[in-house]
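Me: I would like to learn how to read the features of a model like this one, one at a time. Please give me the general idea first and then the case at hand.

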Amino acid sequence: MRNYINIAYDLILIDNPGIKQSLLAKLDAAENSIKIGEKQAAKNQLIAFITEVNAQRDTHIKGQVVDILIKGAEYIINNL
């Protein structure tokens with residue numbers, strides 16, 4: 001998902017560097033929680049990621065990027 005965020009930013013489908021960094025930080029936090037076995041914390045961080053993506057829909061995150069990011073986060077949540 002990190003690569004997808006970076007590619008979307010390069011293609012200006014995510015048009016704000018602060019949004020990009022915030023999304024990456026949420027993914028990093030979720031990954032760190034998973035590594036230490038804190039599945040519920042990871043789920044909460046991914047839910048926060050989804051909330052931010054939805055909040056930026058058609059404002060700073062364009063097109064199908066929103067749906068792809070949400071589906072990716074939901075997949076991880078459902079498989080923890």
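Reply: Let us start with accessibility: a residue is called buried under 20% relative accessible area, exposed over 50%, and partly exposed in between, as computed with a 1.4 Å probe on protein chains only. This is a predicted model, in which local features need pLDDT of at least 70 and side-chain atom pairs count only at pLDDT 80 or more, while totals for chains, interfaces and linings use all residues. Residues are numbered from 1 along each chain as its sequence is written, and side-chain values use heavy atoms, with hydrogens and water left out.

Me: With those classes in hand, is D58 buried or exposed?

Reply: D58 has a relative accessibility of 58%, and therefore counts as exposed. It is found in the loop between helix 3 and helix 4, where helices are DSSP runs of H or I with at least four residues, numbered from the N terminus. The phi of D58 is near 65°, which is a positive value in a residue other than glycine. I12, in the loop between helix 1 and helix 2, also deserves a look, since its phi is positive at about 65° although I12 is not a glycine; its relative accessible area is 60%, so I12 is exposed.

Me: What is the relative accessible area of Q56, and which residues is Q56 in contact with?

Reply: Q56 lies in the loop between helix 3 and helix 4, and with a relative accessible area of 16% it is buried. Taking contact to mean heavy atoms within 4.5 Å, and leaving aside neighbours within four places in sequence, Q56 touches I19 and I61.

Me: How should I read a helix, and which residues of helix 4 are buried?

Reply: The general idea is that an α-helix has 3.6 residues a turn, so residues three or four places apart point the same way. In helix 4 the buried residues are V65, V66, L69, I70, G72, A73 and I77. These residues cover an arc of only 160° around the axis (the arc of the directions from the helix axis to the C-beta atoms), which puts them on the same side of helix 4. The buried residues pack against helix 1 (2-10), helix 2 (17-35) and helix 3 (39-55), whereas the face turned away from the buried side carries the exposed residues K71, Y75 and N78.

Me: What span should the 14 residues of helix 4 have?

Reply: The expected span is 1.5 Å times one less than the number of residues. For helix 4 (residues 65-78) this should give 20 Å, and the end C-alpha atoms are 20 Å apart, which agrees.

Me: Which residues touch the most other members of the largest nonpolar core?

Reply: In soluble globular proteins, nonpolar side chains tend to be buried together. A nonpolar core is here a set of buried Ala, Val, Leu, Ile, Met, Phe, Trp, Tyr and Cys residues joined through side-chain atoms within 4.5 Å. The largest core has 20 residues, of which I5, I14, L23, F49, V53, I61 and L69 touch the most other members. Helix 1, helix 2, helix 3 and helix 4 are the elements that give two or more residues to this core, and the largest share, six residues, comes from helix 4. Once its neighbours within four places in sequence are set aside, I5 is in contact with I14, K20, L23, L24, L27, F49 and L69.

Me: How many salt bridges does a search of the whole structure find?

Reply: Side chains of opposite charge can pair when their charged atoms come close. The criterion for a salt bridge is a side-chain nitrogen of Lys or Arg within 4 Å of a carboxyl oxygen of Asp or Glu, and the search finds six. One of them joins R2 to D28, with the closest N and O atoms 2.9 Å apart; this pair links distant parts of the chain, R2 being in helix 1 and D28 in helix 2, 26 residues apart. R2 also meets E31 in a salt bridge at 2.4 Å, N to O, and because R2 lies in helix 1 and E31 in helix 2, the pair ties together parts that are 29 residues apart in sequence.
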